[in-house]
Structures are given as C-alpha cells and as structure tokens.
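Here is a short note for someone opening this structure for the first time. Please keep the sequence and the 3D view side by side while reading.

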Amino acid sequence: MSGYLMYKQQGFSMKRKMVSIGRSLLLPYLLFTIVLALPKAFAHGHSLDWESLLLPILTGRASWFIAALVVSEIVFSLFLWITRGKVIALLILSLCAFVGSVLLTKQSTDYPWCINNALQAVLFLYIGWLYQCRKELFNRINTPLYTSFLFISLIIIKGYATCKGVHTMIYPLSIDSYFLFFLDMLTSIFLLVNVCKQLPRCKLVEWVGAHSIVYYFVCGGVPLCLSLALEKVGLDYHGAYYSVLIAYALVCIVASCIVAIVYRYLSFMIGKRH
C-alpha cells in the first residue's frame, strides 16, 4: 500500500517525500516509542537503565515494522529519483535490494533499523507502485472469476505450506522457499485488493485505516493490559472461545478511544496540526 500511494501522476518529489517520511513515520516512531518505553519495560520485567530504554529506540528495534518501513521508503524514493520512474530500471534496482536482503539474512537476522527487512520490502513497494502506475492493466483481473481463482489458489498454497512445514516468516526473516513465499504474498495481495475494490465503502473501516499508525503502536500494550485486567476479574481464557471474542471487542473499543484522543488532542505526535 505504501508503494501504491507513492505513485504520483504529476511526478515524484524527493524533497516532499523525505518530509512526509520524517513527519508521518519517523516522528511518530520516536515519540511513541519514547512514551511507551517505561510502561513496556515494567510490563515485561526489563531493566530500567537508560541504555536498555534508549538503545532499542535509536537502533530501530523498538518497533521493527515502522523502522523497516522508514528505511524501505527512503531506499525506494532514492531508486525513484535515480531512475526517474523508469519501470524496468526501477525493477532491476528493487530486485537488487531483495537479493541484498537475502544475502544479509544469511549472515544474521538482527540488524539496526531492520535493514534486511527493509531491503526485502523495497520490492513490494515497487509492486504497489507498479499496480498504481499500470492500474488499467491490473483492473482486468478485478473480476469475481479471478477473485475466486485467487481465493482457491491461496487455500492450496497455505495448505501445502502447512502440511510441508514450510516457513515464510517475515520477522525475524525465516523463509525456506522464496518461490512459495512470493506465490503466497502475491496471491494474498491481489486477492485482498480485489476483495476491497468489490466491497461497498465502510466508514468505520476507512477510519481505522486512516488512523492505522496509532493503532499499530497501541496494539501491543492495550491487549496486554486488558488481558491482565480480565484475569484479575476471573475472565481469563479457559478454553471457551467466546472469551476471546469478548477480549477482542474490548481491545478494539479501548484502542479506538486512545487513537481518537491522540488524533484529537495529541496530533503533533503523528506530525499533524490541529
């Protein structure tokens, strides 16, 4: 989706994109991880020295997904600027980034700012960018027939991966078969895009999507705190699945309230003005 949104018909502006990354990704990352550092340390029983609190933040390990997204968008923006949006040249550089990710992961899975994950993500940014760039072509597969085919294909792929025990973990990177990984990812992506395009608009889903970065930062702490609270009142999990649904509903409500408060009163944390 990030790559999809990076395509601009009026042309790409490196300066504008760097400002956007700093304001909408890097600034929220720094502010939210600093605010949540102490509560996370208390909840997980970690030490409270400055090195333990700040080092994960400064090295991008406090929130791997946002850190990888920041780096991948910077790299892809650089590629866009170098190639001037030429499709083939951009594909070659994106494939080189992916190969770099594979080579790095063979040495280690723990890098500052999740560089190996970021380089892998560059290729998917390219796919999103290409989808928007050639949307007339991709719209041809946005039909119920193709959507049904993708759905059946995904079930077969997932069934095969499960039966054979094939790992396709994104974080930490642990991919046994890159062919199956790509088949899985591309099938899932095109299926979800097709389904979303065929569904009617839903204001609630759109609101959640528009505020997703704050949801991401609270999606760890809110479930943890609520699960502890539910245990205290005797509503912890005892094998009855309805309790999971109750907990999930409570997480959605509490998280949504926090998100609404942040956007209403603390919008500077996500780079927005009142």
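1. Terms first. A residue is called buried under 20% relative accessible area, exposed over 50%, and partly exposed in between, with a 1.4 Å probe and protein chains only. By that rule D184 is buried, at 9% relative accessibility.

2. Basis of the note. This is a predicted model, in which local features need pLDDT of at least 70, side-chain atom pairs count only at pLDDT 80 or more, and totals for chains, interfaces and linings use all residues. Residues are numbered from 1 along each chain as its sequence is written, and side-chain values use heavy atoms, leaving out hydrogens and water.

3. Helix α5. Helices are DSSP runs (H or I, at least four residues), numbered from the N terminus. Helix α5 covers residues 87-107. The expected span of a helix is 1.5 Å times one less than its number of residues.

4. Helix α8. Just after α8, G165 takes a positive phi of about 65°.

5. A salt bridge is a side-chain nitrogen of Lys or Arg within 4 Å of a carboxyl oxygen of Asp or Glu. The count by this rule is four. In one of them, D184 meets K158 at 2.9 Å, N to O. The pair links distant parts of the chain: D184 is in helix α9 and K158 in helix α8, 26 residues apart. D184 is buried at 9% relative accessibility, whereas K158 is partly exposed at 39%.

6. R61 pairs with D110, and their closest N and O atoms are 2.8 Å apart. R61 lies in the loop between α3 (50-58) and α4, and D110 in the loop between α5 and α6, so the pair ties together parts that are 49 residues apart in sequence. R61 is partly exposed, at 34% relative accessibility. D110 is partly exposed too, at 47%.

7. Another salt bridge. The side chains of E206 and R201 meet at 2.8 Å, N to O. E206 is partly exposed at 35% relative accessibility. R201 is exposed, at 75%.

8. Is R84 buried or exposed? At 57% relative accessibility, R84 counts as exposed. R84 is placed in the loop between α4 and α5. Its phi is near 55°, a positive value in a residue other than glycine. C114, in the loop between α5 and α6, has a phi near 50°, also positive in a residue other than glycine. C114 is buried, at 3% relative accessibility.

9. Which residues form a nonpolar patch on the surface? They are Y242, I246, L250, I253, V254 and I258, with about 510 Å² of accessible area together. Patch residues have over 30% relative accessible area and no salt bridge; nonpolar side chains (Val, Leu, Ile, Met, Phe, Trp, Tyr) are joined within 5 Å, and like charges within 9 Å. Areas come from the Shrake-Rupley method with a 1.4 Å probe. I246 is in helix α13 (residues 242-265) and is partly exposed, at 44%. Y265, also found in helix α13, is exposed at 54% relative accessibility.

Key: Helix = DSSP H or I, 4+ residues; strand = E, 2+ residues; numbered from the N terminus.
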